[in-house]
Amino acid sequence: MDFGSINPVVLLASLMVASTPILMAALGEMVVEKSGVLNLGVEGMMITGAVCGFIVAVETGSPTLGFIAAAIGGMALSMVFALLTQVFLTTQVPAGLALTLMGVGLASLLGQNYQGLKPPPVSDLNIPGLDHLPVIGPILFQHDMMVYVSLLSIAGVWAFLKYSRAGLILRAVGENHSAAHALGYPVRMVRVMAIGFGGAMAGLGGAYISLVRVPQWTDGITAGYGWIALAIVVFASWKAWRILIGAYLFGGITVLQLNLQAAGAKVPVELLSMSPFLATIVVLVVISARRHGASNAPAMLGRIFHASH
Amino acid sequence: MTELLKLSGLTRQYPGVRANDDVSFSIGAGQVHALLGENGAGKSTLVKMIYGLEKPDAGTMQLRGAPYAPNNPQAARASGVAMVFQHFSLFEALNVAENVALGMENPPKMHALAQSIREVSDAYGLPLDPDRIVGDLSAGERQRVEIIRCLLQDPKLLIMDEPTSVLTPQEVEILFKTLRKLQSEGTSILYISHKLEEIRALCDGATILRLGKVVGECDPKVTTARDMAEMMVGQILHVPSREGGETGDVLLDVQGLDFAPANPFGTRLKNVSLRLRAGEVLGIGGVAGNGQDELLSVLSGEAKTGKGAITYCGQDISGLGPNARRKIGLLAAPEERLGHAAAPNMSLTENAVLTGNIRKKLSKNNFVNWKKTEAFARDIIQKFDVRTPGPASAARSLSGGNLQKFVIGREVLQDPTVLVVNQPTWGVDASAAAAIRQSLLDLAAKGAGVIVISQDLDELMEISDHFAALNEGKLTAPRVAKGLTVDEIGMMMGGAHDLEEVAP
Amino acid sequence: MIKFVKRPEPSKAWTIATPILAVILTMILGGILFALMGKDPFAAIRTIFWDPLFNDQFAAYSRPQLLVKAAPLILIAIGLSLGFKAGIWNIGAEGQYIMGALAGAAVGLAFYPTDAWWIFPLMVIAGGIGGFLWAMIPAILKTRFNTNEILVSLMLVYIAEQLLASAALSWLRNPEGNGFPGSRNLSQIPAMSNPELIAGTGTHWGVVAAFAAVVAAYVLINKHMLGFQIRLTGESPRAARFAGVKDKLLVLFCLGVAGALSGLAGLFEVTGPAGQISIDFGAGYGFTAIIVAFLGRLHPVGILLAGLLLALTFIGGELAQFMLGLPSASIQVFQGMLLMTLLGMDIFVNYRLMIVKKEAV
């Protein structure tokens with residue numbers, strides 16, 4: 001096997017790019033789950049974000065506007081989920097599935113005239129003074145804006161949940177919604193806002209795929225990343241920093257297998273292509289086997305709240 | 001005495017039931033006022049209106065002479081009204097300080113808050129570590145979290161909803177000391193309970209509710225418990241009477257049973273031993289959350305234990321599941337009616353086959369005989385006076401008491417050799433409770449062994465031959481129930497937490 | 001103010017009414033969507049729901065297609081509904097469907113060119129086992145390690161798609177196919193084909209199997225103790241444990257049956273309507289079947305009707321694409337909307353709307 005053609009610096013730098021979409025989607029979903037809501041529609045919101053971002057970026061020529069549109073698109077779709085689960089008290093699992101089915105169709109419908117177009121390039125934001133460091137410079141400090149945004153949002157979510165009052169309320173709602181209600185906190189409103197945040201983050205992650213990672217629009221472009229993001233939340237035990245580890249681990253596998261494919265490794269292409277999914281299953285098994293019984297999951301995850309009397 | 005809170009003509013209508021009907025009374029400053037009534041009398045609804053969780057359909061409230069109509073609990077707290085809930089208001093995965101912060105409008109920074117928690121808990125004799133996770137605390141300690149949460153806001157009116165149902169007699173004493181200290185500082189307390197002796201010991205005034213209406217006011221210090229009970233219930237109680245009789249052979253023998261529940265916040269059973277004889281009623285007391293659910297689940301077969309831990313009529317049944325145990329005559333009725341003993345959305349017929357399949361032979365080759373099952377359900381409904389349109393009704397449509405009668409009836413009519421019940425009369429009105437107790441006594445009189453797990457000590461004293469108590473997963477040696485004093489029972493229940501030096 | 005108030009009992013009338021109302025509501029919403037796309041909404045709805053069955057020009061072709069498309073949907077949805085009833089979320093039916101087709105085709109082609117009566121039955125068995133084993137992966141991981149079956153079964157769809165690709169490109173590729181991807185055409189090999197049994201109806205063995213599955217599921221759910229245990233587990237897991245239900249066995253059973261039925265659906269498809277293993281064999285039946293299961297209210301007869309309706313949207317959708325230039329993705333959106341409106345309206349089964357007079361503050 002020829003590893004000679006794989007440059008470790010480029011590999012690590014592209015790892016960060018490959019991890020960013022999943023990182024954002026998983027981080028958003030973690031906040032949703034912390035509020036006690038399981039939204040399985042990540043894939044649908046990601047792909048909706050991917051297409052909205054792509055269309056707006058192409059039409060306006062501005063990737064920034066594209067990302068904003070992606071966040072709005074993802075959030076808009078998530079509001080459908082919020083309406084179903086928070087107002088109409090629908091079971092969250094099928095509602096999330098419906099969101100994915102709907103999102104995939106919607107994205108395909110919206111994007112049908114945009115196949116094969118090239119989006120405006122997203123410029124790199126080299127961090128002055130650091131970007132010319134040997135090895136570390138190209139790996140860490142020569143990326144586009146969104147990579148830094150994703151890293152900042154990890155820190156932001158961590159601090160929000162740990163130190164802020166609103167973060168405490170969000171966790172409280174996810175741990176015991178009846179108690180939170182009895183203390184006068186607006187359970188529904190907190191959850192709707194968390195769902196919206198999750199939708200926006202998934203939308204951003206999706207747009208990162210269509211505007212930076214690939215970059216073009218094709219049907220089914222998110223290719224299961226949304227589902228992997230859900231798995232990474234479990235892997236991370238609902239902790240923000242561990243989302244970073246999970247996403248980068250997964251990004252590493254993706255980049256490595258793509259490089260091996262390109263290097264013509266004597267492993268069947270299909271086996272390499274399925275490796276991220278295989279790895280996800282292995283990781284899920286290891287995590288759930290190790291933590292038998294005592295899970296760190298929010299106690300109300302997936303449970304319906306209806307303030308009766 | 002100046003008036004703190006005045007309620008005038010409060011009315012609240014729910015679909016199909018008028019929870020409060022023209023309720024008026026007032027609470028003086030520095031007064032401990034009891035709100036007395038049976039389950040379902042409308043106490044909770046009234047309190048929710050005072051605390052801003054519900055709005056009255058009619059009527060007004062005045063706080064210190066000014067109109068008071070809180071839109072939400074935040075508004076109530078801002079006006080100086082605080083509440084200690086009976087259930088549902090703590091977050092198990094969060095620590096004490098976080099839990100306290102959630103109950104405050106403008107909490108200080110976490111470490112400053114931790115400091116004031118320590119100060120208040122010292123001042124009122126309620127020891128509590130602000131960094132501990134609430135899920136790891138005992139029931140008494142959890143209540144302290146709630147009380148301290150209220151005290152930090154310097155309330156003018158403190159509402160306490162059934163505060164002693166989770167406490168040992170010694171812990172009750174500590175609580176009463178705290179409440180009296182608060183009272184001496186000028187805080188008013190609205191004390192909700194159905195325990196008459198407590199109210200006589202603590203309260204200056206009492207309002208009695210029945211079916212949503214005020215049926216009387218009294219000074220509990222000079223009114224007898226019997227008079228208050230009659231006002232509360234509206235009729236003379238039927239007291240079950242034990243026919244008596246010799247107990248027979250050992251039916252159930254548990255030796256050195258250890259069990260770790262799957263739920264991380266559950267209670268571990270440690271070295272539990274007990275012996276149940278034919279014709280005996282063994283009462284197991286203890287504060288909620290000390291291993292009651294776990295004990296029921298190992299006896300029913302829902303949870304498996306080590307080999308040799310449970311012997312039934314000479315046979316080791318530790319490895320048998322619920323249905324294998326039913327087959328040989330060991331039946332159980334758990335505490336939680338909806339969602340454990342019965343499936344809420346399923347019909348009574350379907351709920352009858354849930355446990356009755358084996359002993360009542362309701363299926364053949366695993367195909368359910370629905371006709372026969374429905375007949376069984378009808379039989380339960382008729383013999384146990386379950387008020388329902390019929391066996392096709394969903395379990396959740398029944399009132400708590402009626403469903404409890406159904407659940408107990410379902411097991412009793414299967415003619416068990418041993419029956420284990422947890423909280424058989426919780427939330428059931430007095431006459432239904434008496435009927436349920438009588439059915440358990442009748443069962444014992446026919447030679448079955450009955451284990452009653454309950455937090456209602458009066459109930460246990462009334463029906464038990466032997467009494468034991470669960471405390472942090474340990475079971476005391478059973479003692480003859482007759483002649484036990486309240487102090488002895490309290491000691492068996494573990495005395496007060498943090499007062500170990502008092503224990504012998 | 002409008003408020004939802006819990007009913008004392010689930011409403012039987014609404015249980016039946018909600019799917020019908022959901023279909024009507026989706027037609028209205030879909031019509032708006034089509035209008036926004038610049039199409040005549042009435043023509044579009046008529047083309048999708050009416051023309052395939054009653055238009056003289058198309059019905060002769062379309063009507064048999066109804067059973068052809070509905071059979072795999074119904075077979076898969078029946079299997080899924082058992083798990084969904086018990087709160088076991090197998091959403092990887094698409095993967096089980098692919099693996100059933102692959103296993104069946106591989107076994108059949110291993111005997112090529114033998115011509116014997118037992119080859120097709122053997123393939124059917126292999127197809128069922130293929131799907132069953134694929135579903136056993138999430139089942140065993142769940143019972144053994146408590147791993148989330150939703151995520152594992154879904155990941156396995158992507159893995160199955162890669163296996164499908166490698167089969168079509170290498171190990172099952174037709175050696176006489178001039179290098180084109182795809183296996184031999186099974187429907188043209190007499191020993192391996194799943195023919196139309198009654199000419200002009202679209203009835204093939206998969207249709208027969210689908211009807212048999214509906215009847216079997218009906219009996220299981222309504223008459224058998226196991227069906228009762230499945231319902232009980234979904235209603236209330238703790239009550240089920242109290243009733244002595246072996247929950248792990250139930251996970252294995254529900255996932256196993258769904259896997260086997262999905263595998264059978266895949267096998268009947270690859271030997272009949274699809275004809276061969278090809279890269280794009282997985283057409284999304286496994287996902288659409290989730291909609292069918294819910295639209296049918298997880299009830300066997302409901303699933304039968306819902307399967308036919310969704311099959312109609314597929315056929316009508318193709319027709320609308322051909323006649324009106326309606327993009328195929330719009331049908332996918334339409335189906336997604338159908339599931340959403342249904343889930344949203346579900347609340348009326350257990351709650352009723354009450355108009356509460358605005359409270360004086």
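1. A quick word on terms before the tour: helices here are DSSP runs of H or I with at least four residues, and strands are E runs of at least two, numbered from the N terminus. On that count, chain A comes out with twelve helices and two strands. Keep in mind that this is a predicted model.

2. Staying with chain A, the order along the sequence is α-α-α-α-β-α-β-α-α-α-α-α-α-α. The C-alpha trace spans about 70 × 45 × 45 Å along the principal axes.

3. How much of chain A is buried? Buried residues account for 55% of its 309 residues. As for the contacts in chain A between residues at least 6 apart in sequence, 79% of them link residues at least 24 apart.

4. On to chain B, which is split into domain 1 (3-233) and domain 2 (250-502). The centres of these two domains of chain B, taken over C-alpha atoms, are 32 Å apart.

5. Have a look at the six-stranded sheet in chain B. It is open, with mixed pairing, and the strand order is β6-β7-β8-β3-β9-β10. At the edges sit β6 (81-84) and β10 (213-218) of chain B, each pairing on one side only. On average, neighbouring strands of this sheet are turned by 20 degrees against each other, direction ignored.

6. One pairing in that sheet can be followed residue by residue. Five bridges connect β9 (residues 205-210) of chain B with β10(B), and the sense is antiparallel. Within this pair, B:I208 stands opposite B:G216 of β10(B).

7. Which helices go with these strands? Helix α1 (residues 43-50) of chain B packs on the sheet and touches β3 (32-36), β6, β7 (157-161), β8 (188-193) and β9 of chain B. The direction of α1 makes about 150 degrees with that of β7(B). Helix α5 (residues 139-151) of chain B lies across β6 and β7 of chain B, at about 175 degrees to β6(B).

8. There is also an open sheet of four strands in chain B, ordered β12-β11-β14-β15 with antiparallel pairing. Here the edge strands are β12 (269-277) and β15 (315-316) of chain B. Strand β11 (residues 250-259) of chain B pairs with β12(B) over six bridges, in the antiparallel sense, and B:L257 has B:V272 in β12(B) as its bridge partner. Helix α9 (residues 292-300) of chain B packs on this sheet, touching β11 and β12 of chain B, and its direction makes about 60 degrees with that of β12(B).

9. Are its faces covered or open? Both are covered: B:L330 and B:A332 on one side, and B:L331 and B:A333 on the other, are all buried. This strand runs parallel to β19 (residues 418-422) of chain B, joined by four bridges. B:A332, one of the buried residues, stands opposite B:V420 in β19(B).

Key:
Residues numbered from 1 in each chain as written. Chains lettered and ligands numbered in written order. Predicted model: local features only at pLDDT ≥ 70, side-chain atom pairs only at ≥ 80, totals over all residues. Pairing = 2+ DSSP bridges. Axes fitted to C-alpha atoms, helices over the stretch in contact; angles between N-to-C directions. Contact = placed C-beta atoms within 7 Å. Buried ≥ 20, exposed ≤ 12 C-beta atoms within 10 Å, placed from the backbone. Domains from an automatic or database assignment.
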